[in-house]
Amino acid sequence: MTLDLAQFHETFFEEGFEALGSMETALLKLSAGEPDAELINTIFRVAHSIKGGSATFGFADVAAFTHTLETLLDQLRSGQRHVHSNIVDVLLRSVDVLREMLSSTQRKQPVASAFTAGLHAQLQAIVKSSADGGASAPPVAAAIAVAAGSPAAAGEPAVPGWHIRLIPGPLMMEHGNDPLRMLRELASLGTLVTRVDAGKVPTLAELDPEECVLSWQMELRSDAERAAIDQIFEWAEGECTLSIEPMSPVVSTQAAASNAAPAPAGTATAPAASAAAVTAAAAAAAVAPDAPVTPAVASRAAAAAKLPSAPEAVRSAASEGGSIRVSIEKIDELLNSVGELVITQSVCSQLAALLEGRQADELRNALVQFERHMRSLQESVMRVRMLPIASIFNRFPRMIRDLGQRLGKKVELKMSGDQTELDKTVLEKIGDPLVHLVRNAVDHGIEMPDQRRAAGKDEQGKISLHAYHKGGNVIVEVSDDGAGLQRDKILAKARERGLVGADEELPDDKILNLIFAPGFSTVEVLSDVSGRGVGMDVVRRNINQIGGHVQLHSTPGKGSTVRIRLPLTLAILDGQLARVGREIYIVPIVSIVETIQIKRDQINSLAGKAELFRLRDEYIPIIRLYELFGIQADNTDLLNGLLMIVEADGKRVGLFVDELLSQQQVVIKSLETNFRQVTALAGATMLGDGRVALILDIPGVIVRYMDQPCRAEPAKEAA
């Protein structure tokens, strides 16, 4: 009987990436000196399981690399060598290489590269440097230099270079950045070897010509400085994921390949050899991939695909609870079906309200019970989509460590509330904004050590990530104890750019909000980390697109805090129903400030431009929704209606409506999927009486209003 091992591949890759994340987290917790036994064991188990699974499935390159990595980790856990910063750096780079190798293998692309071979040679040199033990072993740093192919060791001139990875973001081409131009400029610096990943190219019907879905991995053989490469990508900062790493100088491809060969099984240390015995039979099957696979080998293959992602105590607890992997598409289908049931239940309740008699009362009582059970089912399905925000937070310890080393700053990261749960879709949307905020905190917020000492601070700066529930939302805070924002500097830059009048005075909160203007930056010297003014406006726009809100607080000399308020989910919305003529609109409750009955002395008009409402000491535009959407109005007199004050992007406007109805939790249906995208509308839902109600997108409403003729900056003129 034969069995296709390919059915286990996807499980192997998914759990492999998860396990590498746990390995990276554990490595960042390692301290110099005597290693923590449990951390080392966790790291070793990941490497050992990936090696066993790779050998089983015939991924020889991955198995060879992890074999050498496993040997080094075995030396650490057996006490043959101590942990120090050089070792941790090499191990962290090994995680990057393994992640890249697994990704290439998953896409069925070649995994070998000069960078991979060079790092493999470094690992082998480190392992060999203490093979004999004792003081005669050369230092690890020297071993790394030898492995890198230094001229002194090889007797041949080394060829320097750079390993570059470019993944364009969705807005990169929209903002005028051409990846092909960047590739041409790189090629002008030296010899460029390029591999393109076209795995995300959609069908022709789904292709967006303004979005680049390709990504590139490049090897640049050149003696060019890092600054010359950074200059090529400077205008794409914040619009792409970019990795630039010095390439290990390669003396000879043949020599690198021979160094990358796996060590013979007989030369493994005793602990490694005994651990490898578990997967020996499966590895033997991998040597002859065309041989038939027996059920016994298949069962071992399935076991090899199960990789550890936590220490034993956590794993045993997880195994007791049990879990299964379900595709997100199936969960979305289930959620959609539950939403339809909620709508049907609401229709039944409204119909039952029209009936009379004893049986009608019994029906209504039964429907109340049904509503209670439906609410419970809906909440249960929503919890299935909820994931801890730790999946986002866990990327930052490594990033802050690398940025701190690059900038010469000492930075400590503190995280709390990482088990706070959010909808998977929300988590996917907040990753990039949080990266922008953390990079800004390290680059602009935290001062250099000597500046902190002069200010009487600890030379090690602190950045905090904190998540918690508040009301029906999740709050995420990014704080630093750095220099804070300079009010005068921001105001001067805004006046220089014409964002604020020369004699105009603004309150502190509005001055701070100026940094969210597109292209705004007070940095005088650009860096490859930040400072080009393409970050904070993207942060606010991305957060607003998912119904969130951004607030900024800063104290000069003490630091800054960015507070992000997020909805728990994008599938269900708490909304206020409002009637305009014969139409029903739903306004997200999170956007509503207050609702006011208008008085005549509170209305001001700008001839031919706009109507303004005086809210205490502030003038805000009045938006007549019947005019904005071109519908028939029942009432056009402001005194006979209501003004709903809403806020988005730091701007307030008043929505003129005829009547406020009930507040209701509604299931959001995509207009783009079922009809087409409409500016100022976030979606639609079905009401209990069968009517369709449109959900307002408040930032879009403001943009649509301001795009109308004679609407530009009416509030500023009134002031």
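**Exercise 1.** Determine whether Cys-212 is buried or exposed in this predicted model.

*Solution.* The relative accessibility of Cys-212 is 12%. Buried means under 20% relative accessible area, exposed over 50%, and partly exposed in between (1.4 Å probe, protein chains only). Cys-212 therefore counts as buried. Cys-240, at 18%, also counts as buried.

Residues are numbered from 1 along each chain as its sequence is written. In this predicted model, local features need pLDDT of at least 70, side-chain atom pairs count only at pLDDT 80 or more, and totals for chains, interfaces and linings use all residues, while side-chain values use heavy atoms, leaving out hydrogens and water.

**Exercise 2.** State which strands stand at the edges of the open sheet of five strands.

*Solution.* First, read the order, which is E20-E12-E13-E22-E21, with mixed pairing. Strands (E, at least two residues) are DSSP runs, numbered from the N terminus, and two of them pair if DSSP finds at least two bridges between them. Next, look for strands with a single partner: these are E20 (659-667) and E21 (681-686), so one side of each is left without a neighbour in the sheet.

**Exercise 3.** Describe how E21 is joined to strand E22.

*Solution.* E21 and E22 (residues 692-696) run antiparallel, and five bridges join them. Met-686 stands opposite Val-692 in E22.

How values were computed: Helices (H or I, at least four residues) and strands (E, at least two) are DSSP runs, numbered from the N terminus.
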